[in-house]
Structures are given as C-alpha cells and as structure tokens.
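Biologist: I have a model open and would like to learn how to read it. Where should I start?
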Amino acid sequence: NEASETPQLSSLDKTDLAFSEGSQSLYKPEPLENVLNGDVLNTLKVTIFFQLSERAAMDASYVQELDGILKEARTIENHLKQKRESLKQRFTVIANTLQS
C-alpha cells in the first residue's frame, strides 16, 4: 500500500536527475571576459555603435525641425510687426483726417 502511494521515478526521470546532478557538479562559471569572446564583443560594439548613430541622426532631425519652426516663427513675427506698423500709419492718417 505504501509503495503505491509514493511516486515512482521512471528510468528517464532517474537519468535526467542523475544528469542534472552530475552537470551541476561539473559546471564552473566562466569569467565574463571568457564568455564574451572577441566575436560577440565586437558584435555588441557594432550594435551599440549603430544604435547611438541612429539616436544621433534622430537628434539631428529634431534640431533641423526646431530650426524650421524657429524660422517660421521669426517670419510670422516680422509679418506681424509690419502689419502693426501699417495699422499705426493708417490710424495716424485717419486721426489726422478727423482733426481737420
């Protein structure tokens, strides 16, 4: 009765268990420098370089966009100043006409 209540490990489970126990005792963590050999390290460097290049290009496009907005704002400002000056002159003419 007790034998039927305790779970029995199949031969595959026993092999897996033995393998995992054995592999844990054989596993020795390597230093990061050994894991990241030259190829992997170079790939990481290139990937980071391209990501930074893309960000720099994006930043440059933002700067160009902001420059365009500032130029447009200056153009509008100058146009409004000209309109204000024109209105001043018209009001002066109207005021002079009314005073006569």
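Modeller: Start with confidence, since this is a predicted model. In the protein chain, the mean is lowest in helix 1 (residues 2-5), at 49, and highest in helix 4, at 93. Residues 11-15 have a pLDDT below 50, and this stretch has 1 contact in the model beyond near neighbours in sequence.

Biologist: What is the mean pLDDT of the protein chain, and what share of its residues reach 70 or more?

Modeller: The mean pLDDT is 79, and 62% of the residues reach 70 or more.

Biologist: How many helices and strands does the protein chain have?

Modeller: There are 4 helices and 0 strands. Along the sequence this reads as α-α-α-α. Helix 4 covers residues 38-99.

Biologist: What percentage of the residues in the protein chain is buried?

Modeller: Of the 100 residues, 0% are buried. The accessible surface of the chain is about 9,800 Å², and carbon and sulfur atoms account for 60% of that area.

Biologist: Which residues form a nonpolar patch on the surface?

Modeller: The patch consists of V40, L41, L44, I48 and L52, and together they have about 410 Å² of accessible area. Take L44 as an example. L44 sits in helix 4 and has a relative accessibility of 40%, so it counts as partly exposed.

Biologist: Now charges. What is the general idea behind a salt bridge?

Modeller: Side chains of opposite charge can pair when their charged atoms come close. Searching the whole structure gives 1 salt bridge. The partners are E77 and K81, with their closest N and O atoms 3.9 Å apart. That pair counts because the limit is 4 Å.

Biologist: Where do E77 and K81 lie?

Modeller: Both are in helix 4, 4 residues apart, which is about one turn of the helix.

Biologist: Are E77 and K81 buried or partly exposed?

Modeller: E77 is partly exposed, at 41% relative accessible area. K81 is also partly exposed, at 43%.

Biologist: How many aromatic pairs are there?

Modeller: The count is 1 aromatic pair. F49 and F50 form it, with ring centres 5.7 Å apart and 65° between the planes. The pair is called edge-to-face because the angle is over 60 degrees.

Biologist: Are F49 and F50 exposed or partly exposed?

Modeller: F49 has 53% relative accessibility and counts as exposed. F50, at 49%, counts as partly exposed. The labels differ because the cut-off for exposed is over 50%.

Methods
Residues numbered from 1 in each chain as written. Predicted model: local features only at pLDDT ≥ 70, side-chain atom pairs only at ≥ 80, totals over all residues. Heavy atoms only, no water. Salt bridge = Lys/Arg side-chain N within 4 Å of Asp/Glu carboxyl O. Helix = DSSP H or I, 4+ residues; strand = E, 2+ residues; numbered from the N terminus. Buried < 20%, exposed > 50% of the residue type's maximum accessible area, 1.4 Å probe, protein only. Phe/Tyr/Trp six-rings, centres within 6.5 Å; stacked < 30°, edge-to-face > 60°. Areas by Shrake-Rupley, 256 points an atom, 1.4 Å probe, with all protein chains shown as cover. pLDDT = per-residue confidence, 0-100. Contact = heavy atoms within 4.5 Å. Patch = residues over 30% accessible without salt bridge, like charges linked within 9 Å, V, L, I, M, F, W, Y side chains within 5 Å.
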